[in-house]
Amino acid sequence: MRRRFTQEFKVQAVEKALSQCDDVRLEDIADDLGVGYSTLQRWIALAKKHQLETHQTGSQMTAEKRPQDWSLEERLNAVIECGSLDEAAINEYCRNKGLYPHHIQQWKKDLVTPPSNKTVKSDSKQLKQEIKQLQKELNRKDKALAETAALLVLKKKADALWGFNEDD
């Protein structure tokens, strides 16, 4: 038996999914709502294309960015703007920007806390592997280029030996 969901429920489910912190998995949200993970993903995709709307009000979901889509610069600006505001003003600011106050708090914590050594080491290791791979690729291409140049020179010498002219 197939379960039918109202448009309003779908819109609310998508809004809930998009407003969650980065550490909350979409699978967990789908379980809480009692819908399938792929169903929730499909609703989100429809909402991003502005194809998911309520029939009663006719209003479409907002096209605001999700908190995880904000760039570091935008996050820093939001933290700075909220730095001198009281709680009520922060709540108002967040409503206008499509955020929750916990997003601002998390961003502030992320900006103040330096990255851990483990993160830096993993990034460094990843960069070293990428450099090594790029050097291998460069060496391979250099060898191929040298071989091609040698073949062209050899062809010219062979043509000259056999008396072939390029003008012929």
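**Figure 1. The surface and overall fold of the predicted chain.** In this predicted model, the chain exposes about 13500 Å², and carbon and sulfur atoms supply 53% of that area. Of its 168 residues, 20% count as buried. The chain holds 7 helices and 0 strands, so a walk along the sequence reads α-α-α-α-α-α-α. If you count contacts between residues at least 6 apart in sequence, 57% of them join residues at least 24 apart.

**Figure 2. The largest nonpolar core.** Here we look at a core of 15 residues, the largest nonpolar one in the model. The members with the most contacts inside this core are V14, V35, L40, W43, I44 and L52. Three helices each supply at least two of the core residues: α1 (7-19), α2 (26-33) and α3 (37-48). Which of the helices gives the most to this core? That is α1, with 5 residues. A second, separate core has 10 residues, among them C82, I90, Y93 and C94.

**Figure 3. A close look at V35.** V35 is one of the residues with the most contacts inside the largest nonpolar core. Leaving aside residues up to four places away in sequence, V35 touches F5, F9, A30, L40 and W43.

Figure 4. K10 sits in helix α1. Which residues does K10 touch, not counting those up to four places away in sequence? They are F5, W43 and L52. Side chains of opposite charge can pair when their charged atoms come close. K10 is buried but has no salt bridge. The nearest side chain of opposite charge belongs to E8, 9.5 Å away. A salt bridge requires the nitrogen and oxygen to lie within 4 Å.

Figure 5. Is Q7 buried or exposed? With a relative accessibility of 16%, Q7 counts as buried, because the cut-off for that label is under 20%. Q7 and L52 are 45 residues apart along the chain, and their C-alpha atoms are separated by 7.6 Å. L52 is also in contact with K10.

**Figure 6. A salt-bridge network of R25, E27 and D28.** The count for the model comes to 5 salt bridges, and this view shows R25, E27 and D28 linked in a network of them. The side chains of R25 and E27 meet at 3.3 Å, N to O. R25 also forms a salt bridge with D28, where the closest N and O atoms are 3.9 Å apart.

**Figure 7. K155 and D159 along helix α7.** This view turns to another salt bridge, in which the side chains of K155 and D159 meet at 3.0 Å, N to O. Why do these two residues sit about one helical turn apart? K155 and D159 are separated by about that much because they are 4 residues apart in helix α7, which spans residues 117-162. D159 counts as partly exposed, at 24% relative accessibility.

Figure 8. Helix α6 covers residues 101-112 and includes H103. H103 counts as buried because its relative accessibility is 4%. A polar contact of 3.5 Å joins the side chains of H103 and H102. D110 also lies in helix α6, but D110 counts as partly exposed, at 42% relative accessibility. The side chains of D110 and Q106 are joined by a polar contact of 2.8 Å.

Key:
Residues numbered from 1 in each chain as written. Predicted model: local features only at pLDDT ≥ 70, side-chain atom pairs only at ≥ 80, totals over all residues. Heavy atoms only, no water. Buried < 20%, exposed > 50% of the residue type's maximum accessible area, 1.4 Å probe, protein only. Polar contact = N/O pair within 3.5 Å; in protein donor to acceptor, adjacent residues only side chain to side chain. Contact = heavy atoms within 4.5 Å. Areas by Shrake-Rupley, 256 points an atom, 1.4 Å probe, with all protein chains shown as cover. Core = buried A, V, L, I, M, F, W, Y, C linked by side-chain atoms within 4.5 Å. Lys, Arg positive; Asp, Glu negative; His and termini not counted.
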